[in-house]
2 protein chains.
Amino acid sequence: MARPRSFDEREVLERAREQFWASGYAGTRMDDIARATGLGKGSLYGAFGDKGALFQRVFGDWCATVVEVAERFLAGGPDAEALDRIAAYVRLMAENTAADTERRGCLMAKGTAELAEQDPAVAARAATTMSALLALLRTEIAAAQRHGDIDPGADPERLAALLLTVVRGIEAVGKAGLAPETVRTVADTALAVLPRPARRSPSSTGRDA
Amino acid sequence: MARPRSFDEREVLERAREQFWASGYAGTRMDDIARATGLGKGSLYGAFGDKGALFQRVFGDWCATVVEVAERFLAGGPDAEALDRIAAYVRLMAENTAADTERRGCLMAKGTAELAEQDPAVAARAATTMSALLALLRTEIAAAQRHGDIDPGADPERLAALLLTVVRGIEAVGKAGLAPETVRTVADTALAVLPRPARRSPSSTGRDA
DNA sequence: GCCGTTCTGGACGGTCGAGTCAAGAATGGG
DNA sequence: CCCATTCTTGACTCGACCGTCCAGAACGGC
């Protein structure tokens with residue numbers, strides 16, 4: 001009853017993401033996206049609204065993917081392997097950064113740095129993403145504590161916040177030019193300093209400075 | 001023998017920094033800077049070159065300040081207080097982020113995220129800044145190890161990289177919307193998990209995962 | 001006080017880029 | 001087979017912005 005769309009929406013969003021990822025929000029031109037997708041600007045505006053709305057869409061999808069990746073590594077599984085899951089996740093994040101020879105970094109970090117201050121929608125999306133990652137990490141840390149791989153006296157919330165900070169920090173220092181090899185070792189070091197169960201003295205770590 | 005400048009260069013750079021800091025590189029207009037500084041564009045271009053050169057200048061000054069702050073906290077002093085100096089520095093960075101209610105973040109992080117991929121000068125400046133911070137931290141960690149506040153079996157290079165990652169990560173998660181209180185506790189947690197000298201079993205932390 | 005020199009201000013040019021629009025194309029229903 | 005509807009295209013508008021340019025102003029030297 002009407003002319004159907006000639007493009008795959010997911011594919012168009014993917015191409016748009018490449019552009020925003022490479023050049024940032026302000027640095028990307030709608031003409032670039034039109035050329036990259038092969039669409040006319042009219043179709044682009046008709047399907048996604050203006051530049052801001054398109055970016056929101058791309059940014060939101062990216063954040064969702066970030067959480068999905070974390071869920072794939074962290075969610076569920078026996079307590080006995082919780083620490084392994086955490087280690088695998090942290091190392092994956094480091095490896096992603098270390099292998100990013102083009103220094104593209106993470107679109108969430110880039111978009112947040114550029115827009116969070118001015119765009120409440122971006123800020124809100126970033127914040128909920130952080131909360132989701134934090135919750136996933138906290139759950140796994142608690143699991144590792146139950147199994148005795150991490151000091152049960154430590155606060156899982158605090159350790160989760162530390163690991164999240166390390167993961168996001170790895171992205172930041174990687175982009176800032178720290179050597180890939182150093183980036184990789186940071187992940188290992190962070191995992192190595194997680195408090196192990198005390199054999200003698202009862203806890204203490206993670207309650208205060 | 002010629003008309004002298006009617007403006008203070010440092011003050012102009014300060015105003016320019018405010019603009020770049022608030023809006024990023026692409027998002028800042030030279031007219032904004034002209035208005036913010038009260039200078040005509042002719043003076044601006046005459047004194048600093050084009051927009052790119054002006055940003056380089058501002059970005060470079062900021063990076064220098066970042067290192068200077070770290071030096072003020074970390075450089076020199078007795079080994080006995082090395083760990084205190086490290087703690088003070090890490091907590092200061094966290095406090096800066098936590099108190100940054102306007103979410104302005106760090107210009108180095110913002111500039112690096114936006115431009116490092118495309119602008120070699122920005123990338124290089126960020127990289128040398130990271131190296132300088134890393135060296136400062138490593139020196140202080142080694143001092144703390146000599147005094148017996150940190151496990152001498154740990155690799156100071158690795159611990160320094162971890163702390164640098166935490167410091168930069170704090171900035172990132174703060175910008176992403178993590179609660180200020182959480183940001184503050186991350187600093188404490190990071191300091192709390194630094195490996196203390198072993199009383200019985202000989203080292204092991206920080207060599208491998 | 002005149003001159004060369006450097007600084008000042010802002011109008012201007014040229015380009016760029018976001019968003020619009022109108023003419024035409026593809027579809028399914030009647 | 002015709003029509004209503006939605007999609008497509010890219011030329012177009014119009015505002016924004018970088019960088020220039022020039023007329024004039026503020027100096028020091030002579």
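This is a predicted model: local features need pLDDT of at least 70, side-chain atom pairs count only at pLDDT 80 or more; totals for chains, interfaces and linings use all residues.
Which element gives the largest share of the surface near DNA strand D?

**View 1. The surface near DNA strand D.** The answer is α3(A), which contributes 4 residues, the largest share of this surface. In total, 25 residues surround DNA strand D, and the closest are Ala2(A), Arg3(A), Gly40(A), Gly42(A) and Arg3(B). By residue type, the surface near DNA strand D holds 10 nonpolar, 6 polar and 9 charged residues.

**View 2. The surface near DNA strand C.** Here you will find 25 residues around DNA strand C, with Arg3(A), Ala2(B), Arg3(B), Gly40(B) and Gly42(B) the closest. At least two residues each are supplied by α2 (30-37) and α3 of chain A and by α3 of chain B. The largest share, 4 residues, belongs to α3(B). Sorted by type, the surface near DNA strand C has 10 nonpolar, 6 polar and 9 charged residues.

**View 3. The side of chain B that touches chain A.** This is where 50 residues of chain B are in contact with 50 residues of chain A. On the chain B side, α6 (107-115), α7 (120-146), α8 (156-175) and α9 (180-192) each give two or more residues. Look for α8(B) in particular, as its 13 residues make up the largest share of that side. The chain B side divides into 27 nonpolar, 12 polar and 11 charged residues.

**View 4. Helix α8 of chain A against α8(B).** The axes of α8(A) (residues 156-175) and α8(B) come within 7 Å and cross at roughly 95 degrees, so α8(A) is roughly perpendicular to α8(B). Among the residues making the contact are Leu164(A), Val166(A), Gly169(A) and Ile170(A) from α8(A), along with Leu164(B), Val166(B), Gly169(B) and Ile170(B) from α8(B). The contact of α8(A) with α8(B) comprises 10 nonpolar, 4 polar and 2 charged residues.

**View 5. Helices α5 and α7 within chain A.** The axes of α5(A) and α7(A) (residues 120-146) come within 8 Å, crossing at roughly 140 degrees; that makes α5(A) oblique to α7(A). From α5(A), Ala82(A), Leu83(A), Arg85(A) and Ile86(A) meet Glu140(A), Ile141(A), Ala143(A) and Ala144(A) of α7(A). This contact has 6 nonpolar residues, no polar ones and 2 charged ones.

View 6. Is Ala98(A) buried or exposed? Ala98(A) is buried, because 21 other C-beta atoms lie within 10 Å and the cut-off is 20 or more. Ala98(A) belongs to helix α5 (residues 82-98) of chain A. Leaving aside residues up to four places away in sequence, Ala98(A) touches Gly174(A), Pro180(A), Val183(A) and Arg184(A). Lys175(A) is 77 residues from Ala98(A) in sequence, yet 9.4 Å from Ala98(A) in space, C-alpha to C-alpha.

**View 7. The largest nonpolar core.** In soluble globular proteins, nonpolar side chains tend to be buried together. Here the largest nonpolar core has 128 residues, of which Val90(A), Leu163(A), Val90(B) and Leu163(B) touch the most other members. To follow one of these, find Leu163(B): not counting residues up to four places away in sequence, Leu163(B) touches Val90(B), Leu137(B) and Ala190(B).

How values were computed: Residues are numbered from 1 along each chain as its sequence is written. Chains are lettered from A and ligands numbered from 1 in the order in which they are written. A nonpolar core is a set of buried Ala, Val, Leu, Ile, Met, Phe, Trp, Tyr and Cys residues joined through C-beta atoms within 7 Å. A residue is buried if 20 or more other C-beta atoms lie within 10 Å of its own, exposed if 12 or fewer, and partly exposed in between; C-beta atoms are placed from the backbone. Two residues are in contact if their C-beta atoms, placed from the backbone, lie within 7 Å. A residue is near a molecule or strand if its C-beta atom, placed from the backbone, lies within 6 Å of it. Ala, Val, Leu, Ile, Met, Phe, Trp, Tyr, Cys and Pro count as nonpolar, Asp, Glu, Lys and Arg as charged, and the others, Gly among them, as polar. Axes are lines fitted to C-alpha atoms, for helices over the stretch in contact, and angles run from 0 to 180 degrees between N-to-C directions. Angles under 35 degrees count as roughly parallel, over 145 as roughly antiparallel, 65 to 115 as roughly perpendicular and the rest as oblique.
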